[in-house]
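Q: I have a new structure to read and would like to talk it through. Can we start with the terms and then go part by part?

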Amino acid sequence: MIFHPRIRHVAAKGPAFIGQGPILSTFLSLSRNIDGFQFPATASSNILESAAELGLAALHHEDVRGLLPSMFQIKHELLTVSDRELLVERELLDRSHTDTAPCRVFVCAEDGSTSVLMNGDDHLWLHMTAAGSAFRELWDRMSALESALARHLRFAFHPRLGYLTSAASLAGTGLKITFLIHLPALGLSGRRKKILERLEDAGLTAAPYFPVDGKAAGNLFLISNSTSLGEREEDLGLRMTKMVSAISREEERTRAELLGNQKLLFLNACGRAYGLLRNTYLIPTSEALDALSIMKLGADSGVFRHFTRQDWAELLLECQPAHLCCRKNMNLPPLERGEYRATCFRERLHGPEPAPGAGEPDVPDA
Amino acid sequence: MMLCQICKANPATIHIQEIANGERNTLHICADCARKRNISEDSEANSHFHEMLERLTQAIANSADLKLAELFEQKKNQEDEKQQDLACTVCGTTFQSYRKTGKLGCAACYEQFGQLIIPELALLHHGSVHCGKTPPETVEQWQDPAVSERINLRRELERLCKGLDESIRREEFELAAELRDRISAIEAELNSAELIPDESAPEAPPKKTRGRGRRKST
């Protein structure tokens, strides 16, 4: 068994956190430490166990449970490497928390919208996801959960510096807001780099979602805040929402221009991407993501009749390594993953059947 | 009396000096020739004065900059030397390790490195004063008897473990044996009731075994 039954259950859910427009998702994470306990990196296992127990006792409190219906908890050490990778792909665990460390506990809502990690970088890491641009809705939920926990846990707090976190860059609110945004048209027009660089002046950072050789495979970017002190959570969220919405509008305007001025080239790119995914027999993740990105552009612009944005969101998740292994229920080396990924695309896009003899071992002549 | 170098008739009343590539050239002209060439005594004098002032200011600024830079460098080296020794008395995190990783070990680090960290945070962030959510006034954290008892036990365990190490170092073996027994008792108590249950998916009902069932060991 390479996947924990609970994680398999999470993997079977649809891509609820992936939306339809250029702004695909919003992620919120809040870091808190329990007062009087050293932060996880320097704490002894006794302190870590105490912190985890306190955190769990608070999470199981009646008024907190009401905010996290149907949650389950697993000791982090019982999760396999594949489980953790899958949780990263599902946006329920940060990549920096995939390593093995003592006394970590992973808590997750059954619907996959909320997760809590105890003893990651901080004692508590609360994380929520939603489709589209949804800061307000997520912050209301996050704030309610944090307030409920704060009634039972005394968090490390400094009157001037706010909530104290292990990373000084998160001190203050301890809040990290991230938007996942799809920007293929701005990439084709050559203006994307400048637009994203300008975000730095506003205290935001843009990073590739799937970095491959320094480039963003699939034209997907994460836009996050790099400051958390000196600004109210709501003000930061609304400021970021405005900026990300402006980029999204610019992307849509550029798409309309492309469709108007360079329709033939646009249709050609969509058709080639469709042809590649429908007929491939071996495809690596980055190439699949780039082709999927163009497919999404086509789906958004009404080029494809039978390929919906929902299909795209499902394929985006399914083509990632841990999801492929989970679907096959076995660890697959890269080459076999590429082959199985291609099979999934052909099945979904009604491509040709496997070539005769494909996948069968070579039998030497007698 | 010096005659104008242009008309060579009138007395020269305006003297223009130009220094180029280290060479000094002087032009002596009369007021009429100067007017014809749009040179006034005042403007020349002013431009020379301004030029001189500018050069002087630049020279002073350069030397001041150099001195300031030297002073700044000296001060920085002194600060760096001091910072190398700085360590949190609670968790042992050094200021050097914070510089490398950007991470602190406990809440006390913020107090102990405060003077060095707060100006940096002000530059890094939107401001230097928190203005978001604040914790509630009353917290019931310590009122859960089961949890707080276990936390107290763990704190006692930490204290005893340190004492054990110390007694072994001092070769006080009777005390060490006593501490060891107390540590074992606390560990047994803590292990008897684990408060972090692991919730795995409900297991499938056991399959019915065909045939005669479990073999008895002989």
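A: A term to begin with: strands are DSSP runs of E, at least two residues long, numbered from the N terminus. Also, this is a predicted model.

Q: OK, so which strand does Thr26(B) lie in?
A: Thr26(B) is part of strand β2 of chain B, which covers residues 23-29.

Q: Is Thr26(B) buried or exposed?
A: Thr26(B) counts as exposed, because it has 10 C-beta neighbours inside 10 Å, and a residue is exposed if that number is 12 or fewer.

Q: What does Thr26(B) touch, leaving out residues up to four places away in sequence?
A: It touches His15(B) and Gln17(B).

Q: Switching to chain A. How many helices and strands are there?
A: Chain A has 13 helices and twelve strands. Its radius of gyration is 22 Å, close to the 21 Å that the globule rule gives for 366 residues, so chain A is as compact as a globular protein of that length.

Q: And what does the C-alpha trace span along its principal axes?
A: About 65 × 60 × 35 Å for chain A.

Q: What percentage of chain A counts as buried?
A: Of its 366 residues, 49%. On contacts, take those in chain A with a separation of 6 or more: 69% of them are between residues 24 or more positions apart.

Q: Let's pick a helix. How many residues does α9 of chain A have?
A: Helix α9(A) runs over residues 263-279 and has 17 residues. From first C-alpha to last it reaches 24 Å, close to the 24 Å expected at 1.5 Å a residue.

Q: Which residues of α9(A) are buried?
A: Phe266(A), Ala269(A), Cys270(A) and Leu277(A). Seen down the helix axis, the buried residues of α9(A) fall within an arc of 95°, so they line one face of the helix.

Q: Why would residues a few places apart point the same way?
A: An α-helix has 3.6 residues a turn, so residues three or four places apart point the same way.

Q: What is on the other side of α9(A)?
A: Leu264(A), Leu265(A), Asn268(A) and Arg272(A) are exposed there. The buried residues of α9(A) are covered by elements including α8 (233-261), α10 (285-300) and α13 (334-348) of chain A.

Q: Now the loops. Which value does phi of Asn119(A) take?
A: Phi of Asn119(A) is near 65°, a positive value in a residue other than glycine. Most residues other than glycine have a negative phi. Asn119(A) sits in the loop between β4 (114-118) and β5 (124-131) of chain A, and it counts as buried, with 26 C-beta neighbours inside 10 Å.

Q: What about Asp213(A), buried or exposed?
A: Asp213(A) is exposed, with 6 other C-beta atoms within 10 Å. Its phi is positive too, near 50°, and its place is the loop between β10 (211-212) and β11 (215-216) of chain A.

Q: Last topic, the contact between the chains. How many residues does each chain give?
A: Chain A gives 52 residues and chain B gives 40 residues. On the side of chain A that touches chain B, the elements that give two or more residues are α1 (5-11), α2 (45-59), β2 (71-75), α5 (135-150) and β6 (157-158) of chain A. The largest share, eight residues, comes from α2(A).

Q: How do the residues on that side of chain A divide?
A: They divide into 22 nonpolar, 20 polar and ten charged.

Note on methods
Residues are numbered from 1 along each chain as its sequence is written. Chains are lettered from A and ligands numbered from 1 in the order in which they are written. This is a predicted model: local features need pLDDT of at least 70, side-chain atom pairs count only at pLDDT 80 or more; totals for chains, interfaces and linings use all residues. Two residues are in contact if their C-beta atoms, placed from the backbone, lie within 7 Å. Helices (H or I, at least four residues) and strands (E, at least two) are DSSP runs, numbered from the N terminus. Ala, Val, Leu, Ile, Met, Phe, Trp, Tyr, Cys and Pro count as nonpolar, Asp, Glu, Lys and Arg as charged, and the others, Gly among them, as polar. The radius of gyration is taken over C-alpha atoms; the globule rule is 2.2 Å times the number of residues to the power 0.38. A residue is buried if 20 or more other C-beta atoms lie within 10 Å of its own, exposed if 12 or fewer, and partly exposed in between; C-beta atoms are placed from the backbone. The expected span of a helix is 1.5 Å times one less than its number of residues. The arc is that of the directions from the helix axis to the C-beta atoms.
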